[in-house]
Amino acid sequence: MQEPKLKITQRSLPHWELDGAVYFITFNTWEKLELNPEARQAVFNACVFFNNKRYKIFTFVVMTDHVHMLIQPWLKSEKEFWSLTSIMHSIKSYSGKQVSLVMKHIAIVWQDERYDHIIRNDQEFQNTWEYIRQNPVKAGLSATPEEYPFFWQVPEPNQSF
C-alpha cells in the first residue's frame with residue numbers, strides 16, 4: 001500500500017492536505033454578509049450535493065455568516081483523492097451564485113480562503129463533531145442542534161484513526 005501524500009500550500013492561511021484524512025473546515029461570508037434562510041438552504045444543498053460521491057460529510061452546519069464541516073475527501077481515481085481546493089471551489093462557486101439569486105445580492109459572497117484542520121484522532125473527531133452540533137444552539141438559533149434546519153449529521157458519528 002502506498003504511503004499517504006501530504007501536500008502543503010499557503011496563501012494567507014496554511015493548508016495541509018493528507019490523503020484519506022478527515023478535516024474540520026470553516027468558510028466565511030465576505031464582510032460578514034448575513035445569509036437569509038433561503039440563502040442558507042442554497043448553501044446547505046450545495047454542501048450535500050456531492051456527499052457520498054466525492055466526499056463523506058460527517059456533520060455540518062450553515063450559520064448566518066459561516067459554515068462548519070467535518071468532511072473526508074474520497075478517491076477521485078486509483079491514485080488520487082479529491083482535493084479540498086476542488087471540493088471547496090465547487091461548493092462555494094455554486095452556492096455563491098445561488099445566494100446571489102435568492103438574496104438579490106450583486107457582490108462577493110464568500111471569503112477567498114477557508115480554515116481547514118486535519119483531524120488527528122478519535123477524541124479530536126468527537127470534540128469537533130460536538131462543537132459543530134452545538135454551534136446553532138450557542139448562537140441562540142435553536143434550542144437543540146436537531147431543531148436547526150441547516151444542521152446535518154450522519155446517524156453514527158464514528159471514525160477510526
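**Notes on the predicted model**

1. A polar atom of the Glu 17 side chain lies 3.0 Å from the backbone nitrogen of Leu 84. Glu 17 belongs to strand β2, which covers residues 14-18, and is buried, because its relative accessible area of 12% falls under the 20% cut-off.

2. Leaving aside residues up to four places away in sequence, Glu 17 touches Lys 5, Leu 6, Lys 7, Tyr 23, Ser 83, Leu 84, Thr 85 and Arg 114. One of these neighbours, Leu 6, is located in strand β1 (residues 6-10) and is partly exposed, with a relative accessible area of 45%.

3. Leu 6 also takes part in a nonpolar patch on the surface, which it forms with Ile 8 and Trp 16 and for which the accessible area together is about 310 Å².

4. In one of them, the rings of Phe 58 and Phe 125 have centres 5.1 Å apart and planes at 85°, so the arrangement is edge-to-face. Since Phe 58 lies in strand β4 (residues 55-62) and Phe 125 in helix α3 (residues 122-138), this pair ties together parts that are 67 residues apart in sequence; both Phe 58 and Phe 125 are buried.

5. Tyr 148 and Phe 150 likewise make an edge-to-face aromatic pair, with 5.5 Å centre to centre and 80° between the planes, and both Tyr 148 and Phe 150 are buried. Phe 24, Tyr 115 and Tyr 131, for their part, form one aromatic cluster.

Note on methods: Residues numbered from 1 in each chain as written. Predicted model: local features only at pLDDT ≥ 70, side-chain atom pairs only at ≥ 80, totals over all residues. Heavy atoms only, no water. Patch = residues over 30% accessible without salt bridge, like charges linked within 9 Å, V, L, I, M, F, W, Y side chains within 5 Å. Areas by Shrake-Rupley, 256 points an atom, 1.4 Å probe, with all protein chains shown as cover. Salt bridge = Lys/Arg side-chain N within 4 Å of Asp/Glu carboxyl O. Helix = DSSP H or I, 4+ residues; strand = E, 2+ residues; numbered from the N terminus. Buried < 20%, exposed > 50% of the residue type's maximum accessible area, 1.4 Å probe, protein only. Polar contact = N/O pair within 3.5 Å; in protein donor to acceptor, adjacent residues only side chain to side chain. Contact = heavy atoms within 4.5 Å. Phe/Tyr/Trp six-rings, centres within 6.5 Å; stacked < 30°, edge-to-face > 60°.
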